[in-house]
Amino acid sequence: MTFKKKMKLAALSSAAVMMTACSLPGLGAGLTEEGNITIATQSSTEMVILGYIVQGMVNHYSDINADVIQNLGSSTMVTQALAQGDADVAAASYTGTALTGELGMDPITDPDEAREAVTEGFREQYNMRYFPSYGFENTYAFLVTSELAEEHGLETISDLEPIAGDLTAGVDNSWMEREGDGYRAFLETYEFDFDTVYPMEIGLVYDAVQSGNMDIVLGYSTDGRIASYDLVFLEDDLNFFPPYDASPSALYDTLEEYPLIEDILLKLEGMIETEQMQEMNFIADEYLIEPATVAVEFLEANNYFEDSEPYLEPAGGE
């Protein structure tokens, strides 16, 4: 049975994973015993799923108990939780966000240069290792319906220029004021504007374009509604947006105490494609399946990546 079919079956049968409170009340759920390590996530579906994927990998390959704390309000809060000793592993950091947020640096559009800067910055400022990417990035994405894309031959953002003056655009509230990769910088790079730009909550943009209330919207590239609404993701052909590759990170002190954690996190390098992350997000949001359940089903469907390097023995010789 495929991962998608298994999760649909889980939805129909209201499957759920029951978790008890973790060591930080009100922030999330973990194991029944206090964990040796704590995995911190923000509140988004994607980050929580990734938190439970990391926990599942730790459980599969080690006897280390791992708790997951979720609902931290920002990536900066997650990083501070590690820096203050309240957590050991961050389930996901996004390169562009880490660069301008946690590190306070200017945006860098070259992916290799951005990753190098974040890796070095995390080591120097926070004593944290920034690991290789899971294999996907969750970047800003201009989205249109497949009908509009077909009608005007839209494949890239630059393709919008001849018709942009006739389009209404819905964009993330915060994007309007962002420095470096926000609205003003976009105008300078692409040298065209839309007829009307409406700032709105990021969660509303997908319904807005799918229903025809907006012609084009700025969303996130791994949102499950892109596929389910048959939206077209326009390529950022001028490389305006910084890379937002998703990666775990961990305290060097934790890796020294539990060396196996490093190998476990390295096994996840390149193992999650954008379409897979979209699917997991969609299943959790659309069918109201617990992120922990989605994570376990994904890991089981991929045999916990046992065939990928570095090769590890499952705990208990499973």
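Predicted model: local features only at pLDDT ≥ 70, side-chain atom pairs only at ≥ 80, totals over all residues.

Reply: Residues are numbered from 1 along each chain as its sequence is written, and side-chain values use heavy atoms, without hydrogens and water.

Me: Why does T41 count as buried?

Reply: Buried means under 20% relative accessible area, with a 1.4 Å probe and protein chains only. T41 has 2% relative accessibility and therefore counts as buried. T41 belongs to strand β3 (residues 37-42); strands are DSSP runs of E, at least two residues long, and helices are runs of H or I, at least four. Of the 318 residues of the protein chain, 52% are buried.

Me: Which residues does T41 contact, leaving aside neighbours within four places in sequence?

Reply: Contact means heavy atoms within 4.5 Å. The partners of T41 are M47, V48, G51, V68, I69, Q70, N71, L72, V78 and A91.

Me: What makes α2 oblique to α13?

Reply: Angles under 35 degrees are roughly parallel, over 145 roughly antiparallel, 65 to 115 roughly perpendicular, and the rest oblique. The axes, lines fitted to C-alpha atoms over the stretch in contact, cross at roughly 50° for α2 (residues 45-61) and α13 (residues 291-301), and come within 8 Å. That angle makes α2 oblique to α13.

Me: Which residues of α2 and α13 meet?

Reply: V48, I49, Y52, I53, G56 and M57 in α2 meet P291, A292, V294, A295, F298 and L299 in α13.

Note on methods: Axes fitted to C-alpha atoms, helices over the stretch in contact; angles between N-to-C directions. Buried < 20%, exposed > 50% of the residue type's maximum accessible area, 1.4 Å probe, protein only.
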